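Visitor: I would like a close look at a single part of this model. Please keep it plain.

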Amino acid sequence: MQDQASSLKSSQIVSVISGKGGVGKTLVSTNMAAVIAESGRKVLLLDADVGFTNADILLGAYPKFTMKDFVNHKCSIEELVTPTKYGLDLMSLGGDVTDLLATNELVLKDFAVHFLKLLDHYDLVIMDMPPGFSNSYMPFLTLTDDFVIMTTPEPTSVVNTYTMIKLLSLKGINGENIHVVANMVQNSKDATKLMERLTEVVEKFAGNKVSSVTLMKEHPLVVKSIQDRELFVVRYRSIQPAFSIMRIASNLLKENINKKDENTLIQKFLNFFRGEYR
């Protein structure tokens with residue numbers, strides 16, 4: 001199923017997922033989309049966290065329509081796309097469709113068919129998915145080339161992350177690459193050990209290989225950026241979380257999008273503090 005769906009699209013599809021909520025999926029999705037758009041790619045961000053969509057708030061965007069309007073034939077699939085000041089497009093499923101999905105399981109499947117038609121207009125599509133796993137979102141997950149799996153250095157969050165990866169594997173959804181991001185890190189040494197243990201368990205028991213692990217430290221300017229409704233990767237480019245976002249984006253694109261020369265001795269020294277170790 002995954003191969004058939006993937007053969008119908010030419011753009012790279014990235015799903016940002018997590019085993020539980022509150023780990024920073026939307027924060028990473030929006031900042032990552034902005035960095036990739038800045039590199040010259042045509043980027044679409046799909047906020048699929050139904051009922052809790054808030055990418056529009058972080059991006060300072062104001063979608064005119066939601067999926068409910070599309071289902072009720074009040075707009076076309078193209079009219080769901082909202083340009084943003086960061087050079088990327090946003091499509092939000094909206095916070096008013098929970099009742100619609102609860103009464104009609106085919107809604108998402110039908111929407112995914114129309115969504116597929118848009119993909120040729122973009123180089124890369126980032127899908128900010130709801131936490132946990134639901135069969136309703138299989139039409140989107142089967143399109144995925146790369147998974148960015150969000151977690152925190154908390155034992156319960158790490159266990160949920162492993163469970164999520166294992167479940168996707170059992171469903172036959174592996175993607176080409178799995179990138180783990182540990183957010184809200186306070187102690188880099190402890191977080192590194194925990195993430196190394198997670199990758200070992202995933203590769204041994206889930207049958208998947210983790211392509212990269214990135215640590216994002218807690219930072220007061222990240223909190224301030226949310227309060228100010230700005231993207232920290234644009235407003236505060238020199239903080240550690242911003243460098244982590246650039247690393248994740250570079251891993252997805254398989255090229256270094258950081259314009260700074262990372263071959264210098266100072267840059268190599270700073271890499272450790274940016275959360276880069278794998």
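Which residues does F115 touch, not counting residues up to four places away in sequence?

Guide: This is a predicted model, in which local features need pLDDT of at least 70 and side-chain atom pairs count only at pLDDT 80 or more, while totals for chains, interfaces and linings use all residues. Residues are numbered from 1 along each chain as its sequence is written, and side-chain values use heavy atoms, with hydrogens and water left out.

Leaving aside residues up to four places away in sequence, F115 touches L44, L46, I77, M91, V125, M127, F140 and L143; contact here means heavy atoms within 4.5 Å. The largest nonpolar core has 51 residues, and F115 is listed with M91, F111 and F140 as having the most contacts inside it. Such a core is a set of buried Ala, Val, Leu, Ile, Met, Phe, Trp, Tyr and Cys residues joined through side-chain atoms within 4.5 Å, where buried means under 20% relative accessible area, with a 1.4 Å probe and protein chains only. Helix α6, residues 106-116, gives the most to this core, with six residues. Helices (H or I, at least four residues) and strands (E, at least two) are DSSP runs, numbered from the N terminus. Apart from this core lies another, of 41 residues, among them V28, A33, A37 and L253.

Elsewhere, V181 is found in strand β7, residues 177-185. V181 counts as buried because its relative accessibility is 1%. Its contacts, again without residues up to four places away in sequence, are V148, I149, M150, T151, T214, M216 and I248. Strand β7 is also among the elements that cover the buried residues of α9, and those buried residues include A191, M195 and L198.

Note on methods. Buried means under 20% relative accessible area, exposed over 50%, partly exposed in between (1.4 Å probe, protein chains only).
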